[in-house]
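Open the model in your viewer and keep the selection tool ready. This tour goes stop by stop.

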Amino acid sequence: MHTIFEKQNFKKLRALQYLNKYLYRYRIRLVLGLFFTIAAKVFAVVAPSLVGDSITEVNRYLSDPSANFEQTKSILIQNIALIVGAALLSGLFTFTMRQTIINVSRFIEFDLKNEIYQHYQRLSINFYKNNRTGDLMNRISEDVSKVRMYFGPALMYSINTVALFVIVISYMVSVAPTLSMYALAPLPFLSIAIYQLSRSIHKRSTIVQQYLSKLSAFTQEMFSGIGIIKANAIEPTANNKMGALALGSMSKNMHLVQVQAWFFPLMILLIGLSNVLVIFIGGSQFINGQIELGTLAEFIIYINMLTWPVATVGWVTSIVQQAEASQNRINEFLGQEPEIVSPKDGQKLQSFSITFEDVSFSYYEGREEVLKEVNFTLESGKTLAILGRTGCGKSTLLQLITRMYDVSSGIVKIGGIDVRKLNLNDLRNHIGSVPQEAFLFSDSLENNIRFGNAEATKDEIENATKQAAVHNSILNFTDGYQTVIGERGVSLSGGQKQRMSIARALVKQPQILLFDDSFSAVDTQTEETILQHLRSMSFQSTTIVVCHRVSSAKNADYILVMDQGRVTQFGKHESLVNKPGYYSELCKKQLK
Ligand SMILES: Nc1ncnc2c1ncn2[C@@H]1O[C@H](COP(=O)(O)OP(=O)(O)O)[C@@H](O)[C@H]1O
Ligand SMILES: [Mg+2]
């Protein structure tokens, strides 16, 4: 039975080999578990033989008129005491077996989740762009719990089955070899049948799982987009789609239940067959005086004891297959190396000018370049405004400075040093970056700002929020700075979110500040106020502001205009305002 199991799964176990290090880590507990299992089985096997013994004893007493009643009685009482004692010990060891092996599986689950989470944290932004959040979540939760089943139940039942088989079968053969052969004959069929059934169950349940994730992805999207659905009155369409998905899911579930329903009937049929064989063959052997009556009873108990372990062989096989598929998926992610890594002995930043030298960049090799031969220098402490149509590459340019991506060709330098030679953490610690999409965590407003600088004092936080012109808005919330976002329906307007996000960057007091279209939801007045605050600060960060308003751009030291990944204009407001081009047109439109 075990060879079928091993051969078919030999190749597939390879993914699971990754986990051997965890087996090694918990080897002592596992060896203990093995010991407990064997002990539990040894004591479990004692009971049937004592039952057999007792029946034989009673039979002897009944068929022998000269037998001593008191002697028989004391043997029976002794047997009963032993049965109870053995059952208690077997139960105790079964308990400790579960406590060791199942606990190990929980420890490994914990370790594996931590390992995956830490690896996720190391991976670069591109990984997150290419993989869906749901997928990341699934691999760390669903897949890990499938793998846990391999360490827990699968391992435990395997040890259990092997131990029981070795002990029971060797004992049975020693008592009555011929009867053993007949009694055990149906078991291989049971094992094969259950293995086949488990495979089919596995296949069908995989499909059920796929439907389930489709269904939950759909629901999730519908709930996030509920505003759009209601505004366009497309609830009926959404309902129909949901209905179709749910129907598909149900029919696949029915498909699964059809094979699952065979499981127990098949088991009972084959056990019944074993029992009939034992009674028939054993009965005739008893009549012929070849075996004791007790042996017959004993064997019926053994057969029933062996049934469940045999059934688990098929079940364990399917657990191992699922664990293997899951571990494969986990290994896929664990095998990915972060694209952006901090160099060994990376340099620390001393000065903060920003230089682009012939920088070209495309997100994927061979695709069209998003930045084309970009050249400019921004001296330390100066301000640069970047303007240009949507999609011309402004955000991409900023992401090269924080080294979310590496250039395809050319060099980005900060303080005269190639960013790829800088210590990555040090680089990012010196940059305050306000992304295009403001994101707030469901935490208090204060903690949201603290993400920028964990050690910030209350004063520093207030300073930052005042500069970002969000201090008064925060005080308007009932709980002020302690207001928790998402709790009791607290949510912020787009402009408030943007200003919170700006405060988070400012509280860091960084040497480099990057604003990616961070004023799009803020009115012109407020935008100018915030920029005015920045200019009046005693310390001047090197600042890049991606914006759309001439009113914000004109006070910058330099203005850079981009078009389809190229720099088309660069200079001061005064020199660009009258030159024909994007900037002067924008001035004409906006300053009218
Ligand atoms: N993660 C990405 N993967 C592939 N292409 C991208 C990615 N981000 C942006 N792009 C593409 O790069 C171009 C420039 O985008 P972006 O820098 O966001 O422009 P802007 O900020 O000026 O609106 C666009 O054509 C956009 O579709
Ligand atoms: Mg952008």
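Select Gln564 to begin. Gln564 sits in the loop between strand S9 (558-563) and strand S10 (566-571). Helices (H or I, at least four residues) and strands (E, at least two) are DSSP runs, numbered from the N terminus. Phi of Gln564 is near 45 degrees, a positive value in a residue other than glycine. Is Gln564 buried or exposed? Gln564 is exposed, with a relative accessible area of 59%. Here buried means under 20% relative accessible area, exposed over 50%, and partly exposed in between (1.4 Å probe, protein chains only).

A word on what you are viewing: this is a predicted model, where local features need pLDDT of at least 70, side-chain atom pairs count only at pLDDT 80 or more, and totals for chains, interfaces and linings use all residues. Residues are numbered from 1 along each chain as its sequence is written, chains are lettered from A and ligands numbered from 1 in the order in which they are written, and side-chain values use heavy atoms, with hydrogens and water left out.

Next, go to Ala233. Ala233 lies in the loop between helix H10 (226-231) and helix H11 (235-260). Its phi is near 50 degrees, again positive in a residue other than glycine. Ala233 is exposed, at 54% relative accessible area.

Ser395 is partly exposed, at 24% relative accessible area. Gln436 is partly exposed too, at 38%.

Move on to helix H4 (residues 27-63), where you will find Leu32. Leu32 is partly exposed, with a relative accessible area of 38%.

Finally, colour the two domains. Domain 1 covers 16-334 and domain 2 covers 354-590. How many residues does each domain bring to the contact? Domain 1 gives 4 residues and domain 2 gives 4 residues. Contact means heavy atoms within 4.5 Å. The domain centres, taken over C-alpha atoms, are separated by 58 Å. The bounds come from an automatic or database domain assignment.
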